[in-house]
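Welcome! Here is a short tour of a structure that may be new to you. Please take a look at it first, and then read on.

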Amino acid sequence: MLRTRVIPTLLLRNESLVKTKKFGRFTYIGDPCNTVRIFNELEVDELMFLDITATKECRDPNYELLKDIATECFMPLSYGGGVRSLEQARKILNIGFEKVCINSVAFADLSVITAIANEFGSQAVVASIDYKLRFWRKPEVIKGSNQKYTGKSVLAWAKDLESAGVGEILLTSVDREGTWSGYDIEMIKKVAAAVSVPVIAHGGCGSVEHIGDVVNQGGASAVALGSMVVFQKEGMGVLVNYPDEENLVSVLS
Amino acid sequence: MVVSGDKELMKCTRCIYDNRIPNLTFDAEGVCSSCRQLEMLLEQYGTGKEKGKRLLQEIIDDVKAAGKGKTYDCVVGVSGGTDSSFLLAKALEWGLRPLAVHYDNTWNSAIATENIRKVTASLDVDLDTHVVDNKEADDIKRAFLYAGVAEFDADTDIGFVQVLRTAAAKYGIKYIFEGHSFVTEGLSPVGSNYLDGAYVADIHDRFGSMKRKTFPNLTFYQFMKWVLLYRQKFIRPLWYIDYDKDEARRWLTENTGWVYYGGHHLENRASTYAHTVWLPQRFNTDYRNLTLAANVRSGKMSTTEAQAIYDEPVKADPELIEYLKKRLRLSERNYQEIMTGPKRSFRDFKTYKKRFELLRPLFYILAKANLVPMSFYLKYCFPIEETG
Amino acid sequence: MITIVDYGLGNLGSIKNMFKRVGVQSEIISNLDDIARAEKLLLPGVGKFDAAMTRINQSGLREVLDRRVLIEKVPVLGICLGMQLLTKGSEEGELDGLGWIDASAKRFPNSDKLKVPHMGWNVVRRSSTHKLLSSLPEDARFYFVHSYYVSTAQPENSLLKTNYGLEFDSAIHAGNIYGVQFHPEKSHKFGMALLKQFAEI
């Protein structure tokens, strides 16, 4: 039986790991390599790293840091943040990452996605969609660290990305990020039904029950965890951790 | 056997300390000054006796009274290690409402984080942490290596205290519990392992390249603020009670799922490096004698057993050294330069030592009032003789 | 010493890292003379079947491998596409495989329920008591990412089976030739156990 993937998603800011709330203020979490070592020791199934300032700073991914991370990791790794070209994707995948995560560049040019998928297979490309509720509680796709509304609906954008050849979609609710209040099950359900590629739920997970809910009710193929894996409890101190195997199995089977 | 110069090797008749330890003296019975100091502390704190029970109960009552109406009444510093984990459990047993506080120096192993997680979860205790920026942490560690001082992990020790005190202030808590036990650990002899905020700052200023923004330094000003203005009480409860580490570990494993990491401070990669590589290889110092001597004194081990363990050189993990080099961006050449470079001590840097000595009467009063640990007074407020 | 064959496809650094972590020496080699002297071979592979076979055929690697593996009986482990190359051929491509094991690769059927590629962690069931599996725990699981699956013609060539809509061979072998469909270098402790065991064969 294929296990539902439960993926700690770690945010990189320069060369440190941080955690944000609603894409805003950040807290230091620790050293990327040491944290990867801990997740290795915890036998976590997969990790995702997102560099939250690469696009804003218009710079390349930090390949040195990625190399350090890849040499520590003995599980599948994804990287996102400032990936704008096939060339960059190639470098990252050759370093030892399984997948690249594409966000900003897709708004200008979907063909980058197609190019990467053609060379490396669609399973190597994850499209990242960040969305927020705008007026009248209508969700809209946002872009960039300044969270600009794009006018696109989540469903329509997801379909466009699927057509471009992505292997998976990482769907992040900005409003729920860092809130421990549960995933946006309704949205996940809509998107999972509309596309045939796996959807990874992200934003708001606060408990193992939330994981069960979004998979069983929302149809998420995988879940990304943020706050839950880096804090002891909501509102309390930093503590790198991963849900107990038994607890995961009990909600996912 | 000749040790250094013309000194003959002299061993304590009670524990396994010998005269290679600086500032260690022996009395007419051949008992070392550390053993005698321990005797004095046992008497003073009534460890494991009625006196100790009574003194501790008074403290517990004070903690409860001072914490009325607040979410937490005491701060317990945790590291994932035996002492602090056990202390947390004891605090609950005593009817207190602790806040667990951890200083994350970004070098934790999974055993440390998992132990903290399991213990706080099963005891249902909240955790507050301060995480230093890892690049700053690396810059400080690199500075210490290039400085060539023995106290490789001094920044963590100092940072830990500052974080505890800061957390206590943030939540309006007066009492700080720390898990040191002079019975199980002994007192690190005067002259070795010097730590203070000025020392850490000077080493970093001279050999580092970044500004300190997130490192929680315990400067003199901070120290006096916590002690005189906030009047925080720094308590070491394990000094008052019978404390057996093996029993503590058994209890923890059975009741919380806590896991033993194999040796003193080996739950953190930085302190593991300090204890298994830096100190033995650079300074010919093996701090296992602290625990071993303590075991001998309390009758857990014979001197022969302890000596046998101690005579076996401490095991270093080559993978850990590779990790350190990778993390601190040191080439093999850099590392060799560091390992063969000049050695220095606290005497080569700015410290608060003289100030502490001058203020000895004040610190005596503060120690008696539990505003600073008595061990601090004994170690810092007396001049240290120069060693050869 | 394990020789990781570099024919231009596959992520070799991760494999080498894992060998290093379990204390086994390995080298990444593309030079044919060195490969001809290898004591143990590791054949990685990611990407398309024909692309891989073309490189192997055209570079002279084919002859070297055939001799070392079939005649000189040096142990070889194929990973992911590397395992599929050991077979007679794949639906993915036109070219023949190395043909060292009597098996072939077919595409997973498209279905609503099960997405292709098979991607993620899945469990394995032993179909043999071979030494290579001796250090794997009962609940061993590995990371898979593939769109084509392999079935052996003879049951004795199957080492491990996995279920993804249908049951397929997740590990195969014949004599000194071994193949695993999953990525041990991405399967933390389980992968380490397997690679260490391979090193000790």
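**Strands of chain C**

In chain C, strand E8 (residues 125-126) and strand E11 (residues 158-164) run antiparallel and are joined by 2 bridges; strands count as paired when DSSP finds at least two bridges between them. This is a predicted model, in which local features need pLDDT of at least 70 and side-chain atom pairs count only at pLDDT 80 or more, while totals for chains, interfaces and linings use all residues. Residues are numbered from 1 along each chain as its sequence is written, and chains are lettered from A and ligands numbered from 1 in the order in which they are written. Helices (H or I, at least four residues) and strands (E, at least two) are DSSP runs, numbered from the N terminus.

- Across from Leu160(C) in E11(C) you will find Arg126(C).
- E11(C) also pairs with strand E12 (residues 166-174) of chain C, in the antiparallel sense and over 6 bridges.
- Within E12(C), Ile172(C) is the residue opposite Ser158(C).
- The hairpin of E11(C) and E12(C) has 1 residue between the strands, and Gly165(C) takes a positive phi near 80° there.
- E11(C) is mostly covered, with 5 of its 7 residues buried (20 or more other C-beta atoms within 10 Å of a residue's own, with C-beta atoms placed from the backbone).

**Two helices of chain B**

- The axes of helix H5 (residues 134-147) and helix H8 (residues 197-207) of chain B come within 8 Å and cross at roughly 85° (axes are lines fitted to C-alpha atoms over the stretch in contact, with angles from 0 to 180 degrees between N-to-C directions).
- H5(B) and H8(B) are therefore roughly perpendicular to each other, a term for angles of 65 to 115 degrees.
- H5(B) brings Ile140(B), Ala143(B), Phe144(B), Tyr146(B) and Ala147(B) to the contact, and H8(B) brings Ile203(B), His204(B) and Phe207(B) (contact means C-beta atoms, placed from the backbone, within 7 Å).

**Where chains A and B meet**

- Here 20 residues of chain A are in contact with 22 residues of chain B.
- On the chain A side, strand E3 (26-30) and helix H1 (32-41) are the elements that give two or more residues.
- H1(A) supplies the largest share of that side, 4 residues.

**The nonpolar core**

- The largest nonpolar core has 242 residues, and Leu47(A) is one of those that touch the most other members (a core is a set of buried Ala, Val, Leu, Ile, Met, Phe, Trp, Tyr and Cys residues joined through C-beta atoms within 7 Å).
- Helix H6 (residues 154-170) of chain B gives the most to this core, with 8 residues.

Key. Contact = placed C-beta atoms within 7 Å. Buried ≥ 20, exposed ≤ 12 C-beta atoms within 10 Å, placed from the backbone. Parallel < 35°, antiparallel > 145°, perpendicular 65-115°, else oblique.
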